[in-house]
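Hi,

Here is the structure I promised to pass on. Have a look at it first, and then read my notes below.

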Amino acid sequence: MSYRVRIENTQHEFTVEEGEAVLSAALRHGLILPYSCRGGTCGTCMGKVVEGRVSYPDGRPPALSEAEEAVGQALFCQARADTDLAIEVREVRSADDIRPRKLPCRVERMDTLAHDVRRLWLRTPGNERLQFLPGQYIDFLLRGNRRRSFSLANPPHDDELLELHVRQVPDGRFTGYIFEELKERALLRFEGPFGTFFLREDSPRPILMIGGGTGFAPIKSMLEHAFHHGIDRPIHFYWGVRARHDLYLADLPERWAREHASFRYTPVLSEPRAGDRWNGRTGFVHEAVIEDYPDLSGYDVYMSGPPPMIEAAKTAFAIHGLDPGHLYFDSFDFAVDPEDDPA
Ligand SMILES: Cc1cc2nc3c(=O)[nH]c(=O)nc-3n(C[C@H](O)[C@H](O)[C@H](O)COP(=O)(O)OP(=O)(O)OC[C@H]3O[C@@H](n4cnc5c(N)ncnc54)[C@H](O)[C@@H]3O)c2cc1C
């Protein structure tokens with residue numbers, strides 16, 4: 001049994017199989033709808049069902065409120081069609097050509113960037129380069145259908161090796177494995193690229209970028225891409241971390257600020273330590289942005305990092321005039337493991 005899904009105000013229609021998430025079906029048909037966590041927790045894939053009915057086999061997902069559901073809003077990463085549908089959702093056109101693929105890779109190198117951040121360099125088989133947009137991420141494929149998402153930190157033009165910045169999560173299964181057991185030359189499998197957090201190059205607006213911790217990774221990819229392509233829109237990057245030792249590649253944005261007149265860099269520490277000798281900005285990173293840019297109505301804003309940072313910034317930036325259509329983000333949510341995980 002399958003249903004037809006029509007995207008309002010476009011020529012696009014696709015079929016969704018019974019039990020298949022609407023988002024998965026759209027991607028299968030080469031239509032890129034906005035999404036990030038694919039676990040129902042971040043809200044990126046929210047749209048509206050204007051005709052027909054959807055349901056959620058595991059119950060209403062966390063990022064969809066009862067009130068939103070009552071007015072027809074839906075989270076398409078989780079929604080299953082119960083009838084033919086007409087939906088309203090913003091399409092992401094420039095990722096159209098890139099279909100996610102499953103690839104093996106070898107850990108070519110690893111280095112420690114901070115007490116809790118490790119950089120992995122991955123090599124895919126010789127004839128299997130990964131095509132991606134700057135800012136997208138990959139999912140490691142683990143036993144028991146488990147997946148773990150990590151953003152690509154290298155820009156697409158420099159794709160011989162894929163670069164990841166991995167923060168060790170306390171008691172984290174996969175990040176614990178990376179820090180304690182993973183060896184160079186180990187083989188892993190991943191699927192990607194995924195995500196709609198990528199640089200929109202057709203916009204003339206000045207750009208604000210906010211990275212929390214390893215949220216620097218996708219922003220590094222975007223910035224290196226922008227510099228490589230001579231994009232000269234004003235860009236101001238804020239890097240929010242707890243203490244000075246968490247600015248794990250601080251030389252890099254400092255160097256970019258010296259080399260590119262249109263680029264500014266502001267590190268912000270939320271909990272500087274006594275020995276940090278820090279004269280720079282302190283507090284929550286999104287508050288520093290608002291202090292400097294109280295009217296956000298003319299900006300494109302990109303942000304990535306821990307879910308609490310993303311949530312706080314989304315709310316605060318809306319109050320300060322940011323158009324939601326000009327906000328792009330990746331919330332580093334935890335993966336939801338399948339219940340039948342035998343591991
Ligand atoms: C689109 C996307 C891109 C991402 N990119 C990156 C990246 O570039 N670099 C990076 O370091 N991380 C990134 N993450 C986060 C990363 O996927 C998780 O940290 C990782 O899945 C944790 O796996 P684990 O098996 O070690 O932890 P698990 O075993 O799944 O978790 C153990 C416990 O730790 C807690 N936990 C898990 N993850 C986190 C977290 N991120 N922060 C705080 N507590 C947590 C939870 O309470 C959980 O119960 C990204 C996430 C998403 C969705």
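Into which domains is the protein chain divided? There is domain 1 (2-91), domain 2 (97-194) and domain 3 (207-331), with bounds that come from an automatic or database domain assignment. Before you go further, note that this is a predicted model, where local features need pLDDT of at least 70 and side-chain atom pairs count only at pLDDT 80 or more, while totals for chains, interfaces and linings use all residues. Residues are numbered from 1 along each chain as its sequence is written, and side-chain values use heavy atoms, with hydrogens and water left out.

In terms of contact (heavy atoms within 4.5 Å), 21 residues of domain 2 meet 15 residues of domain 3. The size of an interface is often given as the accessible area lost when the parts come together. Here the buried area (accessible area, with a 1.4 Å probe, that two parts lose on being put together, summed over both) is about 1400 Å², and carbon and sulfur atoms give 62% of that. On the domain 2 side, Pro134, His157 and His165 supply 33% of the area buried against domain 3, more than any other three residues.

What about specific pairings? One salt bridge is counted between domain 2 and domain 3; the term means a side-chain nitrogen of Lys or Arg within 4 Å of a carboxyl oxygen of Asp or Glu. Glu163 and Lys220 form a salt bridge through their side chains, at 2.8 Å from N to O. Five residue pairs, with both residues at pLDDT 80 or more, are in polar contact across the interface of domain 2 and domain 3. A polar contact is a pair of N or O atoms within 3.5 Å; within protein, one must be able to donate a hydrogen and the other to accept it, and residues adjacent in sequence count only if both atoms are side-chain atoms.

As for which elements of domain 2 touch domain 3, strand E8 (101-114), strand E9 (117-123) and strand E12 (162-167) each supply at least two residues. E12 gives the largest share, four residues. Helices (H or I, at least four residues) and strands (E, at least two) are DSSP runs, numbered from the N terminus.

Next, have a look at helix H6 (residues 285-292), where Val285, His286, Ala288, Val289 and Ile290 are buried. Buried means under 20% relative accessible area, exposed over 50%, and partly exposed in between (1.4 Å probe, protein chains only). Among the elements covering those residues of H6 are strand E14 (207-212) and helix H7 (307-319).

Ser203 sits in the loop between strand E13 (187-194) and E14. Is Ser203 buried or exposed? Ser203 is buried, because its relative accessible area is 11%. Its side chain makes a polar contact with the side chain of Asp300 at 2.6 Å.

Most residues other than glycine have a negative phi, and most peptide bonds are trans. The peptide bond from Gly192 to Pro193 is cis, though, with omega near 0 degrees, and Pro193 is in strand E13. Asn9 is not a glycine, yet has a positive phi of about 65 degrees, and Asn9 counts as exposed at 79% relative accessibility. Asn145 is likewise not a glycine and has a positive phi of about 60 degrees; Asn145 is exposed too, with a relative accessible area of 62%.

Cheers
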